[in-house]
Amino acid sequence: MNISDMIMPLLIGLILFYGVYKGVDVYSAFVEGAMDGTKSALKIFPYILAIIFAINLFILSGAEDFIAGILKPVTSFIGFPAELLSLVLVKPLSGGGSLGTFQTVLDTYGPDSYIGRCASVIMGSSETIFYSCAVYFGSVGISDYRYTIRAGLLSHAATVTAALIVCRLVF
Amino acid sequence: MNKLWLGLIFLGLLFSFINKSPQTVTNVLFFEIEKSVDLILNLISIMAFWTGLMRVAEKTNILNKLSSALKPFVGYLFEDVQNNLKAVNAILLTLAANLMGIGNSATAFGIKAMEEMQKANLNKKRATNAMCMFLIINVSSIQLIPLNIIKLRADSGSSAPSEIMVPTLIVTIFSTMVAIISGKYFERKGS
């Protein structure tokens with residue numbers, strides 16, 4: 001039993017216990033809040049559907065491979081390992097897709113190689129930028145994201161650069 | 001988003017023809033987008049559960065006390081909502097869930113946070129500074145322990161699956177700092 005396994009039961013128990021202690025009608029409050037959550041979840045479905053269709057089409061049609069092919073000469077010129085290019089491109093787009101790409105990297109180069117370690121660190125410290133933006137902003141009907149994607153991609157670039165350097169230094 | 005979405009689709013359609021496999025489109029339509037239903041089904045139950053529990057917590061006032069304690073931090077990052085307690089509560093819960101790596105619960109709190117921030121938004125189509133910062137921090141990844149990645153490494157026969165924990169933490173902290181700095185930079189620039 002480790003600490004992270006204990007967080008959930010403790011948190012749930014604590015909130016419910018404190019609710020009872022403060023004299024809240026716990027059951028009706030829970031159901032009332034859950035109704036709101038159900039509505040919000042249904043509201044974001046079209047946004048999830050739209051982004052998943054576009055991203056899967058982009059990756060599976062070979063468009064992503066083509067763009068990776070164009071970028072390859074540029075990235076190898078600056079010393080970026082070509083083996084990681086696909087992962088770095090797919091991760092901001094799709095969580096499921098990047099897991100598949102990550103698994104391929106592990107199978108091809110092994111988890112304890114430099115490439116495998118870099119891929120692991122990149123996976124562990126980056127997020128699906130486009131999917132999250134589509135869902136979060138979509139849920140409240142915002143279409144002008146302003147600088148969010150730009151800043152997200154900057155931080156993604158920082159993740160990749162830092163992962164390459166840190167893995168070189170640590171291992 | 002409109003342009004990006006159309007761009008992904010047009011490129012996808014184009015390349016399915018160039019690569020002589022227009023059936024890819026049909027496959028995506030019939031097999032891939034099914035996954036959106038799985039996603040939403042997983043999300044509905046966990047979102048309903050956490051918003052339910054959050055309502056209980058709201059009625060006890062305990063979240064407001066926690067949020068007030070963290071006010072200086074929140075005030076700097078999310079200036080325009082710092083006095084909106086409901087939004088601040090949901091923001092902090094989202095960040096806490098993301099730190100612990102419970103993604104679906106984080107989404108539940110995150111949507112709630114967006115709804116609270118949207119209430120005070122004057123232009124309903126345009127993201128506020130606080131919304132942008134909120135998204136930027138979330139998409140920079142702030143997860144402390146990448147359990148799923150360690151699991152996949154172990155499954156692939158790694159001799160030390162968790163050796164990437166410390167490097168990942170360093171990289172996560174660095175990229176989140178870059179995220180906050182660039183978010184604040186664009187905010188000040190007024191873009």
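What distance separates the centres of domain 1 of chain B and domain 2 of chain B, taken over C-alpha atoms? In this predicted model, the centres of these two domains of chain B lie 20 Å apart.

**View 1. The two domains of chain B.** Chain B is divided into domain 1, spanning 23-124, and domain 2, spanning 140-191. Four residues of domain 1 of chain B are in contact with five residues of domain 2 of chain B. On the domain 1 side of this contact, two residues are nonpolar and two are polar, with no charged residues.

**View 2. The side of chain A that touches chain B.** Contact between the chains involves 81 residues of chain A and 75 residues of chain B. The elements that give two or more residues to the chain A side include helix 1 (3-21), helix 2 (26-43), helix 3 (45-60) and helix 4 (63-77) of chain A. Helix 9 (148-170) of chain A is also one of these elements, and the largest share, 13 residues, comes from helix 9 of chain A. By class, the chain A side has 48 nonpolar, 23 polar and 10 charged residues.

**View 3. The largest nonpolar core.** This core has 103 residues. Those with the most contacts inside the core are Ile51(A), Ile122(A), Cys133(A), Ala163(A), Ile91(B) and Phe134(B). Helix 3 of chain A gives the most to the core, with 11 residues.

**View 4. The surroundings of Ile91(B).** With neighbours within four places in sequence left aside, Ile91(B) is in contact with Phe78(B), Ala113(B) and Phe134(B). Both Ile91(B) and Phe134(B) are among the residues with the most contacts inside the largest nonpolar core.

Terms used: Residues are numbered from 1 along each chain as its sequence is written. Chains are lettered from A and ligands numbered from 1 in the order in which they are written. This is a predicted model: local features need pLDDT of at least 70, side-chain atom pairs count only at pLDDT 80 or more; totals for chains, interfaces and linings use all residues. Two residues are in contact if their C-beta atoms, placed from the backbone, lie within 7 Å. Helices (H or I, at least four residues) and strands (E, at least two) are DSSP runs, numbered from the N terminus. Ala, Val, Leu, Ile, Met, Phe, Trp, Tyr, Cys and Pro count as nonpolar, Asp, Glu, Lys and Arg as charged, and the others, Gly among them, as polar. Domain bounds come from an automatic or database domain assignment. A nonpolar core is a set of buried Ala, Val, Leu, Ile, Met, Phe, Trp, Tyr and Cys residues joined through C-beta atoms within 7 Å. A residue is buried if 20 or more other C-beta atoms lie within 10 Å of its own, exposed if 12 or fewer, and partly exposed in between; C-beta atoms are placed from the backbone.
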